[in-house]
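Please read these notes with the structure open beside you. They take up a few local features in turn.

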Amino acid sequence: MKKQILSTIVIMTALFTACNQGTKTTPIQNEMEKPQEFKYLLEQFADLKIMRYQVPGFDELTLQQKKLVYYLSEAALCGRDILFDQNYKNNLKIRRTLEEIYKNYEGDRQTNDFKEFVVYLKRVWFSNGIHHHYSTDKFTPGFSPEYLNELISESQGGSFPLDKGQTISDLVPEMTALLFDPEIAPKRISLDSSKDMIKASACNFYEGVTQKEAEEFYNKMKNPNDTTPISYGLNSKLVKKNGAVQEEVYKVRGLYSAALEKIVYWLEKASAVAENDQQKQVIEKLIGFYKTGDLNIYDEYNVLWVTDKSMVDFVNGFTEVYGDPLGMKATWESVVNFKDMEATKRAEIISANAQWFEDNSPVDPRFKKTEVKGVSAKVITVAQLGGDCYPSTPIGINLPNADWIRKEHGSKSVTMENITYAYDQAALGNGFLEEFCYSPEEIELSKKYGSLASNLHTDLHECLGHGSGQLLPGTSSEALKNYSSSLEEARADLFALYYLADPKMIELGIVLDTNTAKAEYNAYIRNGCMTQLTRIETGKNIEQAHMRNRQLIAKWCFEKGQAENVIEKVMREGETFYKINDYKKLRGLFGQLLAEVQRIKSEGDYEAGKNLVESYGVVVDPVLHKEVKDRFVKLNIAPYGGFINPVFKVTEQNGEITDIKIEYPEDYTEQMLYYSKNYSFL
Ligand code: ZN
């Protein structure tokens with residue numbers, strides 16, 4: 001599971017961790033260049049901003065660790081094409097066509113049309129395809145079909161990706177249809193359960209099969225008595241061939257072989273410089289999985305990975321299932337990282353007390369884990385992002401996803417602090433808080449405690465929230481179907497929100513007082529009721545799981561607390577504000593809702609889950625939506641952000657690596673073209 005940024009607009013002046021209580025500067029502050037010297041925000045276009053992050057501590061790693069990071073980073077870049085293809089079957093061809101135009105167009109490159117073309121190409125790179133990375137709607141080019149024709153025909157030197165027997169003049173109508181026809185692939189993921197969700201979704205996990213056929217195919221495989229089921233369907237495309245439904249497995253010599261062979265090549269190098277035996281085994285299991293596609297080996301890999309405590313660590317594989325409307329098939333992603341020792345202490349305190357948190361949660365005892373196992377939490381420094389984590393990245397990750405592995409072996413939970421830090425730095429002074437906070441006190445609170453609050457929220461969400469609770473015997477982990485992601489994220493968020501204000505947090509020395517919780521409560525309600533709407537297109541409702549969950553929580557608490565005026569909606573000069581009047585009671589409401597969402601998950605109560613999400617998480621108030629968007633436009637802030645990667649400069653002597661330095665490029669287009677040239681294998 002991934003935790004995404006609560007709002008791209010986190011503005012903090014000082015970043016300090018709880019463990020040192022603000023008296024000492026953190027390693028981040030020590031090692032990162034001063035914000036004014038390091039450019040975090042690189043550019044903005046459409047609704048996106050491109051940033052970059054620093055990797056403090058890299059120079060202090062041993063040469064062997066640096067090599068490991070480097071090899072894993074190469075592996076992280078080799079899967080880029082896989083994701084493009086998974087997102088939509090024509091994405092690679094489209095990307096290549098656009099890149100050839102970009103490199104070869106001989107006409108006037110200063111016109112407005114050409115600028116619009118460049119924006120479109122940048123969006124395709126950002127989304128790893130032609131659908132918005134967040135809303136999953138196909139985005140429309142800001143230029144005309146006629147102009148596309150001109151671009152292609154005036155790019156004579158281009159080596160366009162033509163199919164067998166296809167000519168450039170055939171390419172024009174094909175591309176015109178793909179880019180401009182609103183009927184073709186309008187949405188990457190459709191979660192509209194009244195339709196065949198496979199048919200309504202453009203993602204490339206199924207071909208020629210209906211939703212019913214896919215569900216039957218997998219239901220037949222499943223044995224309800226199997227307590228350690230593999231993640232059925234995770235690493236394959238389901239197709240119908242000669243009338244039979246069958247899987248095309250992602251593996252070496254299978255689907256995506258060319259990219260997977262490269263990934264394996266770099267993983268083999270990584271395995272040779274692993275920090276210890278266990279990590280070596282982890283990498284070798286992953287190689288074995290890529291070579292065979294065997295999901296049993298994948299589980300063995302995860303079991304080993306989850307207890308690997310090495311300094312350098314990684315995610316690499318078919319991991320998250322958000323991209324599949326049926327929630328089975330995983331997109332490829334990678335994150336290479338190493339431990340931030342200082343900040344990890346904070347997460348370790350939380351994790352060491354996991355059982356206390358579980359025992360004292362407001363959840364029905366039947367749904368609690370009697371023994372919380374191995375909730376390992378750490379704060380990491382990201383060194384490279386790939387696949388579905390690039391350029392748009394989560395800020396926290398909790399893996400593996402298989403319920404039984406989590407229950408029996410625990411899960412690994414990470415907070416990506418150099419990423420959240422870069423977000424904060426890039427957002428400094430953008431005017432967002434001033435616009436949407438109710439009072440100067442609220443702004444102050446946010447500036448002072450917001451960064452710590454959101455990092456703590458992430459720690460609690462990832463290392464306790466997702467790991468808490470249990471299903472009643474006989475409840476299927478898929479019972480909540482298309483609502484499961486939203487409800488699971490709600491559960492983890494509620495756990496975090498409930499405990500942020502617990503006196504235990506002060507007792508453990510994680511926070512000094514209740515201000516941190518207040519700052520987070522303000523931010524959460526403000527975002528869930530109002531500011532996240534900046535990310536929704538006018539006329540649309542909410543579809544994305546994390547956003548549904550946030551509105552669900554905020555609106556439910558607003559409604560349930562109305563009689564006692566817990567949260568007040570205030571109008572001031574035609575502008576809406578949400579003001580929390582009673583933080584204690586709000587915490588009580590978070591607890592109540594947590595108990596209910598846990599019940600829904602534990603019992604697999606699909607109807608109640610559906611009702612909760614549909615009643616509170618989906619529908620957007622059009623009047624408020626317009627107001628919020630208008631206020632936001634004034635600030636000229638891109639609502640979504642992503643990061644370009646650092647680059648490793650390798651020094652070799654007689655074929656041996658003697659040193660690796662890290663550099664921070666500034667040009668998004670250059671990086672994308674470089675990746676397309678050097679890491680495109682499909
Ligand atoms: Zn989560």
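1. A cavity is a set of grid points where a 1.4 Å probe fits but cannot get out, and a lining residue has an atom within 4 Å of such a point. Please keep in mind throughout that this is a predicted model.

2. Where is empty space left? Rolling a probe the size of a water molecule over the atoms shows this. Searching the whole structure in this way turns up nine cavities of 30 Å³ or more. The second largest cavity holds about 100 Å³ of space. Its lining consists of 14 residues, and those nearest the centre are Ser135, Ile536, Asn541, Glu543 and Gln544. By class, the lining of this cavity comprises six charged, five nonpolar and three polar residues.

3. Which helix gives the most to the lining of the second largest pocket? That is α25, residues 622-635, which supplies three residues. Sorted by class, the pocket lining has eight charged, nine nonpolar and six polar residues.

4. Next, the sheet. Strands of a sheet pair through backbone hydrogen bonds, either parallel or antiparallel. Here three strands make an open sheet with mixed pairing, in the order β2-β3-β14. At its edges are β2 (41-45) and β14 (640-644), each of which pairs on one side only. From one strand to the next, the twist averages 25°.

5. Strand β3 covers residues 48-52 and is antiparallel to β2, with four bridges between the two. Within this pair, Glu43 stands opposite Ile50 of β3.

6. Last, helix α26, residues 668-678. Which of its residues are buried? They are Tyr668, Thr669, Gln671, Met672, Tyr675 and Ser676. An α-helix has 3.6 residues a turn, so residues three or four places apart point the same way. The face of α26 turned away from the buried side carries Glu670 and Lys677, which are exposed. For reading this point, buried means under 20% relative accessible area and exposed means over 50%.

Conventions. Residues numbered from 1 in each chain as written. Predicted model: local features only at pLDDT ≥ 70, side-chain atom pairs only at ≥ 80, totals over all residues. Heavy atoms only, no water. Pairing = 2+ DSSP bridges. Axes fitted to C-alpha atoms, helices over the stretch in contact; angles between N-to-C directions. 1 Å grid on protein atoms, 1.4 Å probe; cavity = no way out; pocket = protein on both sides within 12 Å on 5 of 7 lines; lining within 4 Å. Points joined across faces, edges and corners; volume = space filled by probe spheres on them. Nonpolar A, V, L, I, M, F, W, Y, C, P; charged D, E, K, R; others polar. Buried < 20%, exposed > 50% of the residue type's maximum accessible area, 1.4 Å probe, protein only.
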